[in-house]
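Please keep the sequence and the 3D view open as you read.

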Amino acid sequence: MRTPKELLEAYLQAKDLDQPSVIPDCYAPEAVLTFSIATDQISFPTRVRGAYAIAQTLVGDFRRRFDCCKTYYVCDSLAGVGVDIDFLPWLVVMRERSTSALRLGKGYYRWAFERGESRMWVAAMHIHIERMDIIEDGNGEKREQLHAALPYPWLRPAVLAGTFERLSQQSPGFAFLSDFSDPVTRPARR
């Protein structure tokens with residue numbers, strides 16, 4: 001039976017490596033995906049139901065707009081994770097196909113898992129997008145430097161902050177990283 005960590009890694013395999021067939025293998029047939037977006041720089045539907053529709057949204061539709069994507073889970077560990085993950089910060093580094101611009105974003109995920117007799121599925125997923133900046137990067141150099149500097153896909157917050165500080169000090173062209181050095185903060189409980 002897959003663990004929550006393995007399911008999170010499978011999601012990145014599907015999205016970042018353009019493998020939509022992975023989604024129906026790890027999401028429940030009637031899984032629900034929701035979004036909350038705090039920026040005008042990107043858009044997604046607010047709600048998607050079903051593994052195949054989720055694959056279309058997160059892989060098919062996404063890959064038409066973006067490529068060279070790496071999504072990082074920003075955390076020290078997933079130790080002690082039960083059936084749900086209420087808050088998991090993320091960072092994404094990718095290229096916008098139409099302009100070749102660097103897209104740098106951050107937010108958090110919420111995950112709910114469903115355990116059956118022989119398998120565990122993703123039952124629900126929420127993606128909050130806090131920022132999605134567009135940075136001129138016609139030759140892809142900044143994107144490639146970021147990809148090379150960050151451990152994928154598990155990224156400790158201290159490593160994120162240290163790497164971004166070092167890159168910003170080495171080159172004024174990376175000054176924009178200061179807005180991304182800290183992962184998002186956990187939203188207040190309602």
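## Arginine 103 and its setting

A residue is called buried when its relative accessible area is under 20%, and exposed when that area is over 50%, with partly exposed in between. Please bear in mind that this is a predicted model.

With that cut-off in hand, is arginine 103 buried or exposed? Its relative accessible area is 5%, so arginine 103 is buried. You will find arginine 103 in strand β5, which covers residues 102-115. The side chain of arginine 103 makes a polar contact of 3.0 Å with the side chain of glutamate 96.

How many of the residues of β5 are buried? Ten of its 14 residues are, so the strand is mostly covered.

One partner of β5 is strand β4, residues 84-96, and the two pair in the antiparallel sense over ten bridges. In this pairing, aspartate 84 stands opposite alanine 112 of β5. β4 and β5 form a hairpin with five residues between them. Do have a look at serine 100 in that turn, where phi is positive at about 65°.

Strand β6, residues 120-135, also pairs with β5 in the antiparallel sense, here over 14 bridges. Glutamate 114 stands opposite tryptophan 121 in β6. The hairpin that joins β5 to β6 runs through four residues.

## Proline 153

Now let's move on to a loop. Proline 153 sits between α4 (141-149) and β7 (154-155). At a relative accessible area of 15%, proline 153 is buried, because the limit is under 20%. Beyond its neighbours within four places in sequence, proline 153 is in contact with Leu12, Thr71, Tyr72 and Tyr73. Proline 153 and aspartate 25 are 128 residues apart along the chain, and their C-alpha atoms are separated by 20 Å.

## Proline 157

Our last stop is proline 157, in helix α5 (residues 157-170). Its relative accessibility is 24%, so proline 157 counts as partly exposed. Which residues does proline 157 contact, leaving aside neighbours within four places in sequence? They are Val74, Cys75, Asp76 and Pro183. Proline 183 lies 26 residues from proline 157 in sequence, with 6.9 Å between the two C-alpha atoms.

Key
Residues are numbered from 1 along each chain as its sequence is written. This is a predicted model: local features need pLDDT of at least 70, side-chain atom pairs count only at pLDDT 80 or more; totals for chains, interfaces and linings use all residues. Side-chain values use heavy atoms; hydrogens and water are left out. Buried means under 20% relative accessible area, exposed over 50%, partly exposed in between (1.4 Å probe, protein chains only). A polar contact is a pair of N or O atoms within 3.5 Å; within protein, one must be able to donate a hydrogen and the other to accept it, and residues adjacent in sequence count only if both atoms are side-chain atoms. Contact means heavy atoms within 4.5 Å. Two strands pair if DSSP finds at least two bridges between them.
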